Amino acid sequence: MPTQLGETDVVIVGMGAAGGVAAYPLAEAGLNVVGLEAGTWLDQRDFAPDEIRNNYRDWPMLVKKTELERPTSRATSATTATRVGSHPMMNAVGGTTLHYWAQSWRLNPWDFSVVTETARRYGASRIPAGSTVEDWPFGYDELEPYYDRVEREVGISGQAGNVRGDIDSRGNRFEGPRQREFPMPPLRWTAFHDRMAAAARTLGWSPFPGPAAVNSEAYDNRPGCGYHGFCNKGGCPVNAKNATHITTIPRAVDTGNLKVVTRAHVTTLEVGSDGRVSGVNYVVGGNEYFQPARVVLVASYTYENVRLLLLSKSRAYPDGLSNNHGQVGRHYFSHYTGGGVGALFPYDLKAWYGLPAQGVAVDDWADDNFDHSDHDFIGGGNLWVMSDRRPISAAGMNTYGRSRNWGSSWKRFIRENSDRSHGSYIQKTTLPYEDNYLDLDPQVTDPLGFPVIRITGRYMDNERAIGAFTQDRMEEWYREAGAVEVNRGGLGNAMGASTHAYGGTRMGDDAETNVVDRWGFSHEAPNLGALGASVMGTSGAHNPTLTSQALAWRTAEHLVDNWGDIAE
Amino acid sequence: MTLPPKDPRPAISRRDLLKTAGAAGAAALIPDAVGAVTEEAPATAPLLAGPMTNLTASETEILSAMVDRLIPTDELGPGALDAGVLQYIDRALSEAESDAAAAYRSGLAALDQYSRYSRGGPFIDLSTVDQDSALIDVQIGAATGAGTGFVGSSASFFNMVKSHTWQGMFGDPKYGGNVDFTGWDLINYPGVRLAVSPEDQRSLEADQLERARRSAYDFGLFE
């Protein structure tokens with residue numbers, strides 16, 4: 001029998017990007033919150049600038065729950081899913097915000113109303129066949145105050161492009177109106193970034209620095225970024241990357257109302273005879289516990305949120321918690337970031353010191369920022385020219401057919417070219433489809449014997465058309481800046497496990513097609529909420545973290561304001 | 001803001017394991033590509049540190065010859081053997097990459113068998129030209145199939161050794177490779193720094209930034 005613990009007001013499963021943000025407004029409001037986290041506290045001592053440790057081995061993670069539960073994947077339901085690669089997320093207090101790239105974008109207003117806006121501008125027939133996309137239950141304007149709050153609480157650097165309708169050409173002129181500037185100026189540019197920005201302007205485009213959860217100057221009693229070059233899958237040794245373990249979580253702990261339990265491996269949620277969630281079962285070091293709670297928020301990333309609900313079967317929910325409408329796991333998609341473009345330049349880029357969140361963005365070809373009348377797709381891609389170079393990966397660069405990739409001829413090549421390559425990052429509008437979903441794998445289990453998640457999904461014609469189109473634009477840009485070689489990655493097919501995994505507990509007003517309501521609470525079990533990108537129904541062309549954090553704050557605030565209705 | 005106390009660490013850290021696994025014996029000189037003096041042969045014979053703890057002497061000879069072809073010691077300067085790539089691989093096989101030891105043993109035996117089968121002699125006795133052509137077969141998967149000795153695609157063995165060789169050549173010296181910053185010098189990496197000021201970046205862009213020759217662990221800040 002598990003040890004019965006005393007009841008708490010709220011349990012949050014997962015102290016990462018979303019759960020780590022939601023804990024703060026809840027604790028500040030006086031609610032007693034228990035944060036169950038599979039990983040441990042890590043700090044600066046764990047964050048050596050060491051490429052072998054960060055990028056080739058397993059970093060300092062003391063707990064590898066994600067890896068033991070990594071999903072299987074397949075392109076279509078006609079094939080058998082297999083496990084490929086490793087799990088992209090990590091377990092720790094702060095979750096993957098410890099080692100993420102920290103690009104912190106707001107979504108474009110169009111992303112909230114893809115169906116309505118597409119029908120209005122091009123006709124309803126332009127929604128891709130088989131897509132289950134819906135408008136969000138609210139628009140950008142409703143989320144704006146939460147974006148604004150999180151940008152300050154977490155600490156985001158950037159250049160505003162639209163403050164209350166005033167367009168600033170230094171920033172993103174396509175962004176939705178924001179109520180004020182970023183709390184910090186953008187990360188600096190190098191001479192190469194200046195050169196790429198100039199090339200973009202020559203093409204008639206609008207380059208601007210991207211937003212980052214990285215201090216560009218001292219903020220919140222922590223220093224500005226050191227640009228040391230090991231930010232990609234690395235923690236920050238000077239605490240300039242604003243992961244939740246050094247921002248909102250410690251502030252929540254300081255209220256005295258948040259208790260973080262580390263190494264807590266949550267197995268299932270319990271449901272009472274009234275259909276309400278009664279608490280959470282978890283294991284620490286082989287000991288089982290039951291934590292009763294008035295409200296449970298799952299914030300354990302898309303795969304694990306879906307998995308926990310599907311594993312939590314009860315009389316009230318025989319097919320999994322909150323799944324009586326068969327929507328848990330539906331409307332899943334991995335953000336389409338494949339189909340990259342690389343380039344070789346005839347000059348050194350001086351890119352050894354920098355970070356993936358530092359660079360030049362172009363949004364002229366993102367979302368609905370251009371006329372799609374003559375295109376065979378909707379949506380688009382964000383073109384991102386960043387800094388990301390480390391010795392081992394630099395030495396492993398594409399040789400563009402100019403040399404074998406080893407031997408004496410390669411030594412000559414790499415001595416000249418190690419700092420002359422660039423790889424762009426192009427995030428593209430990705431839509432949910434009827435044929436793409438998550439469920440429990442019928443064969444593969446974790447060490448406790450519970451099935452892992454199975455991803456069934458592939459990129460469809462709309463995504464692949466965006467991919468080809470944005471590759472053309474990226475090649476134009478590179479050529480304009482003087483690239484002598486350009487290489488295009490394959491457009492891809494199957495959706496593997498991703499750091500940008502959306503849906504599965506989608507948010508919407510219609511309980512027939514969505515798991516949670518516009519506030520993030522279950523349509524079926526009223527004291528169950530979901531946090532993270534699993535509630536998002538569209539991706540846009542930008543990283544999901546800031547949006548999932550703004551949504552998490554909004555859900556937490558709604559819970560505080562409606563505690564009586566939700567918890568009683 | 002007060003941070004909660006850190007979780008207790010495991011009693012034995014990975015670094016402790018590394019300490020015990022490191023420090024191989026005295027260096028020994030062996031001829032490069034025995035009996036195969038060609039126009040591609042290096043002018044000086046590279047150093048091979050003492051016996052590898054995870055591979056036999058003959059396996060070590062084959063691996064040594066292979067990594068010496070991947071990043072040769074040549075007129076452009078030191079190569080993989082000079083940088084301690086064998087020591088890197090040996091330490092890796094003792095801990096983080098221990099699962100790969102079996103793949104090394106079977107792959108090195110297969111490389112040797114493929115050399116005898118396709119080039120008429122043991123790998124270490126082939127000319128460097130033949131060693132390279134055999135390795136190209138292995139790299140592209142053409143050494144796969146009956147009689148070759150490779151179980152599965154030969155490319156996976158090649159890619160594994162290449163990946164570890166690059167890690168040993170270009171990774172942090174802490175792990176036994178990149179001796180004297182050999183790899184970082186080859187690619188003109190200006191070195192590990194924790195803070196790069198705007199002035200530092202401008203110096204780098206003007207080719208005037210002094211190279212920082214240190215391991216990440218020389219800062220004394222990291223576990």
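Start with chain B: select it and you'll find eight helices and two strands. (Helices are DSSP runs of H or I with at least four residues, strands are DSSP runs of E with at least two, and both are numbered from the N terminus.) Walk along chain B from the N terminus and the elements come in the order α-β-β-α-α-α-α-α-α-α.

Before going on, a word on what is on screen. This is a predicted model, where local features need pLDDT of at least 70 and side-chain atom pairs count only at pLDDT 80 or more, while totals for chains, interfaces and linings use all residues. Residues are numbered from 1 along each chain as its sequence is written, and chains are lettered from A and ligands numbered from 1 in the order in which they are written.

**Chain B, in two pieces**

Color residues 23-189 of chain B one way and 190-223 another: these are domain 1 and domain 2 of chain B in the domain assignment. (Such bounds come from an automatic or database domain assignment.) Where the two touch, six residues of domain 1 of chain B and six residues of domain 2 of chain B take part. Being in contact means that the C-beta atoms of two residues, placed from the backbone, lie within 7 Å. On the domain 1 side of that contact in chain B, you get four nonpolar residues, no polar ones and two charged. The classes work like this: Ala, Val, Leu, Ile, Met, Phe, Trp, Tyr, Cys and Pro are nonpolar, Asp, Glu, Lys and Arg are charged, and the others, Gly among them, are polar.

How much of chain B is buried? Of its 223 residues, 42% are. (Buried means 20 or more other C-beta atoms within 10 Å of the residue's own, exposed means 12 or fewer, and partly exposed is in between, with C-beta atoms placed from the backbone.) Among the contacts in chain B with a separation of 6 or more, 58% are between residues 24 or more positions apart.

**Where the chains meet**

Now show both chains. Their contact involves 42 residues from chain B and 45 residues from chain A. On chain B, select α2 (57-70), α6 (154-170), α7 (182-186) and α8 (198-205), each of which supplies at least two residues of the side that touches chain A. That side of chain B has 26 nonpolar, six polar and 10 charged residues.

**Over to chain A**

Chain A has 13 helices and 22 strands. Its radius of gyration is 23 Å, close to the 24 Å from the globule rule for 568 residues, so chain A is as compact as a globular protein of that length. (The radius is taken over C-alpha atoms, and the rule is 2.2 Å times the number of residues to the power 0.38.) Along the principal axes, the C-alpha atoms of chain A fill a box of roughly 70 × 55 × 50 Å. Of the 568 residues of chain A, 59% count as buried.

Next, color the domains of chain A: domain 1 is 1-66 + 83-100 + 105-155 + 243-335 + 497-568, and domain 2 is 183-233 + 337-428 + 459-493. Their C-alpha centres are 30 Å apart. Between them, 27 residues of domain 1 of chain A are in contact with 28 residues of domain 2 of chain A. Which helix gives the largest share of the domain 1 side in chain A? That's α5(A), with four residues.

Select β4, β19 and β18 of chain A, which form an open sheet in the order β4-β19-β18 with mixed pairing. (Strands pair if DSSP finds at least two bridges between them.) β4 (72-74) and β18 (437-445) are at the edges with a single partner strand each, so one side of each has no neighbour in the sheet. Zoom in on β4(A) and β19 (451-456) of chain A: they run parallel, joined by three bridges. Here A:Arg74 is opposite A:Thr456 in β19(A).

Three bridges join β13 (341-344) of chain A to β16(A), and A:Gly342 has A:Gly423 in β16(A) as its bridge partner.
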